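Let's take a walk through this model, from its inside to its charged pairs. Have the sequence and the 3D view ready.

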Amino acid sequence: FFSRPMGQITEIERLQAQNVERNKRLLQELGVDAAKNFSPKKKSRPQSAAPRRSVSPQGPQRRSARLKPQSPESMAGSQAPDPQAQEDSKPKPRSDAELLALGYKVARVMGQPRWRGECYGHVDGVPVGTTFGEGDWQRQGRKEMTETGFHTPLVPPEWLEPGGGCYSLILNNDNGSSQDQGNVVLYAGSGGRHRGQNRTAKQSFHQTWSSGVNAALKFACDRKLPVRVVRGPKLESAFRPAGGGYRYDGLYIVESAFMQVNEDRLNVCMLKLVRQPGQPPLPST
């Protein structure tokens, strides 16, 4: 190896020294202290991983819900199910009269099913004044009427005969178009609202007699078919059930059907229902 004389610098070292001096002058002109703003970065030490703790199981271990296979020896002691006992434990078919009393469907003469309330007029076993879901102010009464076959639709207020009249209707709540005067009811028809809106929504367009509900009530008016009227707990009337629930208030006849123009100049199908004489008087609140 060759050695150089003491104090002698190379060309590269000379250029580096010139660059350092030039940078110092620039920093001084900018008013920056080079020594103050220089802070070497500290090397971060790698963190050692924390030792894992050994977790001891707490409580009972999970067991499979699958049945373990049994050996032929263990199965030999178990008795096979008795087919006759299983047959005896099955529910026996009931007579049509019993099924009707419970509100189930029974066979017609033509073999078609029907509910016990699928008729015009009173329903056997349900006298005038019967309250379904008494003490409840929501939908318990509707559920009981559906389950017993007295008024099967769970949501619609009318129960219609396909191509015929109306078996029963419920006065509970609407947009204020109907008027309940007790023995006389001015009932506003269906329709005139957008799909999905119920009777409490404001009417948006004309009603027509071609609507299913309106046509059925018009059919009942023309043929003087009786309609069962039920009053619900949300009815804004003096004849609303005082103790909640849905009360059967007897038979009404659709005396007239006419078109009426409301305050928004929209056609409303109106039905005038008159209570039949010879029935228990209506209770009022």
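We'll start with the nonpolar cores and then turn to the salt bridges.

A quick word on the ground rules: this is a predicted model, where local features need pLDDT of at least 70, side-chain atom pairs count only at pLDDT 80 or more, and totals for chains, interfaces and linings use all residues. Residues are numbered from 1 along each chain as its sequence is written, and side-chain values use heavy atoms, with hydrogens and water left out.

In soluble globular proteins, nonpolar side chains tend to be buried together. Here, the largest nonpolar core has 19 residues. A core of this kind is a set of buried Ala, Val, Leu, Ile, Met, Phe, Trp, Tyr and Cys residues joined through side-chain atoms within 4.5 Å. "Buried" means under 20% relative accessible area, "exposed" over 50%, and "partly exposed" in between (1.4 Å probe, protein chains only). The residues with the most contacts inside this core are Leu169, Leu171, Tyr187, Leu217, Val254 and Leu273. Strands S5, S7, S8, S9 and S10, along with helix H7, each supply at least two of its residues, and H7 gives the largest share, with 4. (Helices, H or I with at least four residues, and strands, E with at least two, are DSSP runs numbered from the N terminus.)

Zoom in on Val254: leaving aside residues up to four places away in sequence, the ones it touches include Leu217, Ala220, Val227 and Leu273. Contact here means heavy atoms within 4.5 Å. There is also a second, separate core of 11 residues, among them Val123, Phe150, Val230 and Tyr246.

Now for the charges. How many salt bridges does the structure hold? There are 6, each one a side-chain nitrogen of Lys or Arg within 4 Å of a carboxyl oxygen of Asp or Glu.

Take Asp249 and Arg231, whose closest N and O atoms are 2.8 Å apart. Asp249 sits in strand S9 and Arg231 in strand S8, so this pair ties together parts 18 residues apart in sequence. Asp249 is buried, at 1% relative accessible area, and Arg231 is buried too, at 0%.

Glu255 and Lys272 form another bridge, at 3.5 Å from N to O. This one links strand S9 to strand S10, across 17 residues. Glu255 is partly exposed at 42%, as is Lys272 at 27%.

Finally, Asp222 pairs with Lys218 at 3.4 Å. Both lie in helix H7, 4 residues apart, or about one turn of the helix.
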